[in-house]
Structures are given as structure tokens and as C-alpha cells.
Amino acid sequence: MNRRIQRGVVKIGGARGNAFGSLPEEIKERMERGEQWILAHGASSMMEDLSRAAGMEPLYVTSPGGFRSRFVSEGELALFEAACCRFSVRLAETLGKMGIHAVPLYPPASKGAAAKRKDALRSVEDGKVRILRGNYSGSIVSFDPGDIHAVWEMGGLPLLPPLAADESESGRILNVDGDRLAAAAAAAVGADVLAILSNVPGLLRDPGDPASKIDEGSLDGWEDLERCARGNMKRKLLAAREALEGGAGAVVIADSRASSPVESGLSGGGTLLCRGSMAAAG
């Protein structure tokens, strides 16, 4: 991909199996070249550890549309915030040792995402749809990049945990999907590329066969891509579409375990997605 990058967003998952690997070094090298980056992260594995330590078993639900998400009760929301903060602090410490000034941006104190609370989740259980109420997750409705620009002006790296301010209740935060948060940030800053890193090499036609990776795609043939997405990949593909439709130049879904994972993904090691034809995207 022969695209000059000025601004980029990279999202690293928080589930077990994801790896930081050489990503911090790659981010450092890119920032030294004058590129501006945002690092969004998940916190699912840390949240699971904290929940079980507190005697709360994580509850995951699958919607009628096939999207898997975590049900977050009011009591679990505080734990989720703690898990996000702990994850951000560890990232900041790792990056700080490399000379990168990483700045976690926590809502509502920092500007960023605002979300609409989804009190009720529809869950498919034994072929029947069940309604679960009392959920404290939300769908992003807006994104203010003001504090991201402030961190960039200081030469720093903004860190985004999967949290958003509740648009309807001042001072309250909500859990949001990290991939879609990264997409909202990419759209808000006009990113040249959004890199979604996971523990798979990209979008696969056969989830059990890494060799079935789809190398590229565009909005023109999105329905074909959606037919290949299963499990958590469905939400990553949704986030990719939201980023592209919001104005991001390109999205790459790639393997976090690869050496220089962003560059690897952009150079054919991942699934590269653009708005129009790949020729026009180069």
C-alpha cells in the first residue's frame, strides 16, 4: 500500500491471545517520522480477572444479528472502569520506558466519545430471544477530538480505553466497543489509516484456516465480506465500515503478533479495506 500516513489509529485487543509484541517500537518509529497516532485498547481479559476475583462471572450474550457482547451491570461498571485504567497505565508505562509520552484519555474528564446507553440487550438462548435489562454499555453517537489534538500538540500519544461519556447523564460513563471507538476516533480526526489488530491474520473465509485470508476489499463488495465474518470479526468489520464511511482513508485488519504489525498488515499480511477500488486507494 503506497499511502503516505500523517495520522493513524491503531486498536489492540484486550482479550487473551493478543500481543503488544513489536507494536510499541513500530509506533515509536512512526512518531519519530512525524506521524501522529492514537492507540485504542480493549480490557476484556483484565476485566474477566477482576470480575472473578470479585466473585462475578462474566456474562456474554449473542444478539439475533450474531453480534457477541458483554452484559455490564451497574456493579460491574466500576470494575470495568478499573480494568480499563489498569490496562492504560500498563501501556503508558511500557511506552514511557521507550520515550513515548502516552496520555490516557478517560471520560468524562477528557473529551472523546459520547454514547447512548443500551439499557436492554437482546440475547439468543436455546433458539429463543431473551431481553436482559440493566445494562451499562452504549452506542457511540459523537466524538470530540479536542483532547487528542492537544496531546498531539505536545508530541504525545493519546490512549483510548473502551469508555464513553453517557450523553444523557452528566458524570456517568459507559462501556463501549473498542473497535467501534477506534473507528469513531479515526473518522473524527480524518485518519489516513485505522489498523485493527487481533489474534488472527485478517478476515478469513474459513475461520479455521489462516491461508483463507481475504487480502483486500471495498465498500462496493461489502456484502461478500460480511458473509465471511463470524464471531468477534463481525464487529470488527462493522467498525471498519463505520470508519470508511466516516472518512478514514483505509482500514487494515491484521495480526498483532506479527513483526511491525501495522506495516505488515498494510504490506499484504492483513486484510486491507478501502472505500472504493484498491487502485484508487493506492
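Trainee: Is Gly246 buried, partly exposed or exposed?

Mentor: This is a predicted model, and in it Gly246 has a relative accessibility of 40%, so Gly246 counts as partly exposed, the range between 20% and 50%. The residue is found in the loop between H7 and E13.

Trainee: And how far is Gly246 from Gly269 in space?

Mentor: The C-alpha atoms of Gly246 and Gly269 are 25 Å apart, with 23 residues separating the two in sequence.

Trainee: Changing topic, which residues have the most contacts inside the largest nonpolar core?

Mentor: Those are Leu160, Leu194 and Leu273, in a core of 44 residues. Helix H5, residues 178-189, gives the largest share of this core, with 7 residues. If one leaves aside neighbours within four places in sequence, the contacts of Leu194 include Val9, Ala182, Ala186, Ala243 and Val252. There is also a second, separate core of 36 residues, and Ile5, Ile12, Leu95 and Leu197 are among its members.

Trainee: In what order do the strands of the open sheet run?

Mentor: The 8 strands follow the order E5-E8-E2-E1-E11-E13-E14-E12, with mixed pairing. E5 (102-104) and E12 (216-218) stand at the edges and have a single partner strand each, so one side of each lacks a neighbour in the sheet. On average, and ignoring direction, neighbouring strands are turned by 20 degrees against each other.

Trainee: How do E11 and E13 pair, parallel or antiparallel?

Mentor: E11 (residues 193-198) and E13 (residues 250-255) are parallel, paired over 5 bridges, and Ile196 stands opposite Ile253 in E13.

Trainee: Which strands does H3 touch?

Mentor: Helix H3, residues 74-96, packs on the sheet against E2, E5 and E8, and its direction makes about 140 degrees with that of E2. Helix H4, residues 146-153, also packs on the sheet, where it touches E1, E2, E5 and E8, at about 145 degrees to the direction of E8.

Trainee: Now charges: which residues does the network around Arg30 link?

Mentor: Salt bridges link Glu26, Arg30, Arg33, Glu35 and Glu263 in that network. Arg30 pairs with Glu35, with the closest N and O atoms 3.1 Å apart, and with Glu263 at 2.9 Å, N to O. Because Arg30 lies in H1 and Glu263 in H8, the second pair ties together parts that are 233 residues apart in sequence. Arg30 is buried at 4% relative accessible area and Glu35 is buried at 11%, whereas Glu263 is partly exposed at 38%.

Trainee: One last thing, how many bridges join E6 to E7?

Mentor: E6 (residues 113-125) and E7 (residues 128-143) run antiparallel and are joined by 12 bridges, in which Ser123 has Arg130 as its bridge partner in E7. Between these strands the hairpin has 2 residues, and Asp126 takes a positive phi near 55 degrees. Asp119 and Arg133 form a salt bridge with their closest N and O atoms 4.0 Å apart; Asp119 is partly exposed at 30% relative accessible area, and Arg133 is exposed at 60%.

Methods
Residues numbered from 1 in each chain as written. Predicted model: local features only at pLDDT ≥ 70, side-chain atom pairs only at ≥ 80, totals over all residues. Heavy atoms only, no water. Core = buried A, V, L, I, M, F, W, Y, C linked by side-chain atoms within 4.5 Å. Buried < 20%, exposed > 50% of the residue type's maximum accessible area, 1.4 Å probe, protein only. Helix = DSSP H or I, 4+ residues; strand = E, 2+ residues; numbered from the N terminus. Contact = heavy atoms within 4.5 Å. Pairing = 2+ DSSP bridges. Axes fitted to C-alpha atoms, helices over the stretch in contact; angles between N-to-C directions. Salt bridge = Lys/Arg side-chain N within 4 Å of Asp/Glu carboxyl O.
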